[in-house]
Amino acid sequence: MRTLLSALAVMIASSPAFAQSNEPVTDQIIVKYRSSSAAMLSETTPQHSINQLQQAFGADIQYVRASANDTHILKVTEQQKLGAVIEQLKQDPNIEYAEPDRIMWPTAIPNDPEYTRQWHYSSSVSGLNLPKAWDLTTGGADVVVAVIDTGILPDHPDLMNNLLPGYDFIKDAEKARDGNGRDSDATDEGDWLVAGQCGPNYPPRDRTSSWHGTHVAGTVAAEGNNGQGVTGVAWSASVLPVRVLGACGGYTSDITDGMRWAAGLPVAGVPANPYPAKVLNLSLGGKGACGHTYQQAINDVRAKGASVVVAAGNSNQDVSGFTPGSCQGVISVASNNKEGSRAFYSNFGRLIDVAAPGGGRSGGILSTYNTGQRQAAQHSYDYSMGTSMAAPHVAGIAALMYSLDASLTPDQVEQYITETSRAFPAGSSCNTANCGTGIADTFAALQRVKGIEPTPKPNPGPGTVDCSNIPQWAASHIYLAGEQAQQNGIAYQANWWTQSQSPADFSAAWSVWNKLGQCK
């Protein structure tokens with residue numbers, strides 16, 4: 001095995017540590033040497049260098065495995081020393097990059113069973129405009145959508161006929177809860193947690209299993225016209241389950257291996273995927289800007305011809321600080337609620353491509369589910385809300401597009417979805433500066449695939465904002481974080497709760513209002 005550790009023995013534990021947060025970051029590092037370095041040309045056993053590293057840092061540092069793109073994974077069991085190791089690695093001229101092997105989490109918000117049923121498909125205000133689209137296509141079994149998630153419950157009656165054999169990429173058997181590491185069984189074993197299981201004070205209280213991948217898969221391709229349950233967006237397409245999230249989330253290195261495998265690229269130690277996906281859905285994410293590992297994986301699967309759809313995240317923050325929602329080449333999806341506004345939890349910003357229904361306080365997204373609190377019990381249907389629910393709507397649209405024209409490129413799929421999106425309704429807190437180009441419109445996207453050009457939208461000039469859907473500021477109105485208003489021809493967005501505080505007077509640094517730009 002080529003060693004990536006021989007030059008690391010001189011490191012000292014004096015570099016700054018990562019800032020602590022409630023949510024665990026990771027205990028692993030992704031390292032890549034420059035191809036011209038001497039270390040890449042040598043064949044030695046890494047254990048001697050590991051021992052030297054352990055002595056230098058007074059920490060347990062382990063070599064985990066080689067990974068894709070000539071990278072290698074190290075484990076630092078004491079998370080507070082992870083930052084010191086990474087900072088020193090970056091100073092080594094032989095190393096191209098070193099970054100945290102960040103842990104990603106499902107982005108769903110807990111279920112609410114009182115919400116009304118599938119408004120998200122047919123609502124003229126906030127839905128996908130699906131009924132007319134199904135007259136054109138319901139997808140096809142030859143179009144494969146990879147659901148890269150917690151795995152799936154393969155015998156759910158509304159999914160089983162549309163499922164392909166998937167793969168479990170969770171390397172850590174304890175996280176996987178199946179008694180082994182990677183294998184060909186992508187069954188969701190439950191991601192329930194007890195308080196503090198994933199690190200100090202995280203989670204702060206016990207959690208039940210989310211059955212997240214099963215819910216997401218149902219939105220993509222629950223079987224339609226079968227007389228039971230719900231209908232997926234592309235209800236005749238095939239779902240490829242790729243399990244990457246288990247107890248305490250999932251590592252970036254496992255997720256990106258799963259992405260490559262899903263698209264038909266080789267992954268060491270894993271059998272080739274006989275069913276390469278045209279669409280990858282990643283309803284997951286974590287804090288931090290897009291790193292080298294994610295970006296390279298996205299570049300590679302797009303070069304293979306696969307579109308990558310990701311959830312923007314549920315932190316009510318700018319998506320630029322989250323991965324993979326901020327990566328280049330993905331279709332980053334924000335969540336709109338039943339009224340066509342930005343959902344209260346949804347991330348936002350100029351890196352968002354499009355919005356899709358994800359649910360809010362007035363209505364969630366109904367899909368396939370299970371009643372089990374820990375292990376699977378009775379198959380069921382239930383409501384969730386989150387950008388995790390918004391992304392598979394767009395993944396389903398992409399699958400319908402590929403069913404009409406298999407020669408489409410990922411760039412074309414992204415272009416057609418964004419340019420055919422429907423304008424946000426009047427009074428919406430969404431606009432083109434924070435929620436993408438509009439709400440995804442399935443029928444219009446399919447018409448575009450057939451060569452019918454969309455009606456041109458207004459084109460604001462540089463540094464300006466389309467304020468057609470931004471209401472005038474009112475002193476009596478209570479504004480919540482993320483809501484927008486215009487005053488004197490300028491658009492603003494509330495940073496937090498505010499009332500009677502004029503945007504023009506309270507938009508300096510750290511004020512309650514953030515200036516978006518001149519209205520056009």
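## Close-up views of a predicted model

**View 1. Asn 434 sits in the loop between helix H11 (410-419) and helix H12 (442-449).** Helices here are DSSP runs of type H or I with at least four residues, strands (E) are runs of at least two, and both are numbered from the N terminus. This is a predicted model, where local features need pLDDT of at least 70 and side-chain atom pairs count only at pLDDT 80 or more, while totals for chains, interfaces and linings use all residues. Residues are numbered from 1 along each chain as its sequence is written, and side-chain values use heavy atoms, with hydrogens and water left out. Is Asn 434 buried or exposed? With 2% relative accessibility, Asn 434 counts as buried (buried means under 20% relative accessible area, exposed over 50%, and partly exposed in between, using a 1.4 Å probe and protein chains only).

**View 2. The side chain of Asn 434 has polar partners.** One is the backbone oxygen of Ser 429, reached at 3.1 Å. Another is the side chain of Gln 493, in a polar contact of 3.3 Å. A polar contact is a pair of N or O atoms within 3.5 Å; within protein, one must be able to donate a hydrogen and the other to accept it, and residues adjacent in sequence count only if both atoms are side-chain atoms. Leaving aside neighbours within four places in sequence, Asn 434 also has contacts (heavy atoms within 4.5 Å) that include Arg 342, Phe 348 and Gln 484.

**View 3. Strands E19 (residues 484-487) and E20 (residues 490-494) run antiparallel.** Four bridges join the two strands; pairing requires at least two bridges found by DSSP. Gln 487 has Ile 490 as its bridge partner in E20. Between the strands of this hairpin lie two residues, and Asn 488 takes a positive phi near 55 degrees. Along E19, Gln 484 and Gln 486 point one way, Ala 485 and Gln 487 point the other way, and all are buried.

**View 4. Here is the largest nonpolar core, with 50 residues.** Such a core is a set of buried Ala, Val, Leu, Ile, Met, Phe, Trp, Tyr and Cys residues joined through side-chain atoms within 4.5 Å. Which residues have the most contacts inside it? They are Val 394, Met 401 and Ile 417. Helix H10 (residues 387-404) gives the most to this core, with eleven residues.

**View 5. Asn 180 is found in the loop between helix H6 (173-176) and helix H7 (212-221).** Asn 180 is partly exposed, at 32% relative accessible area. Its side chain joins that of Asp 183 through a polar contact of 3.2 Å.
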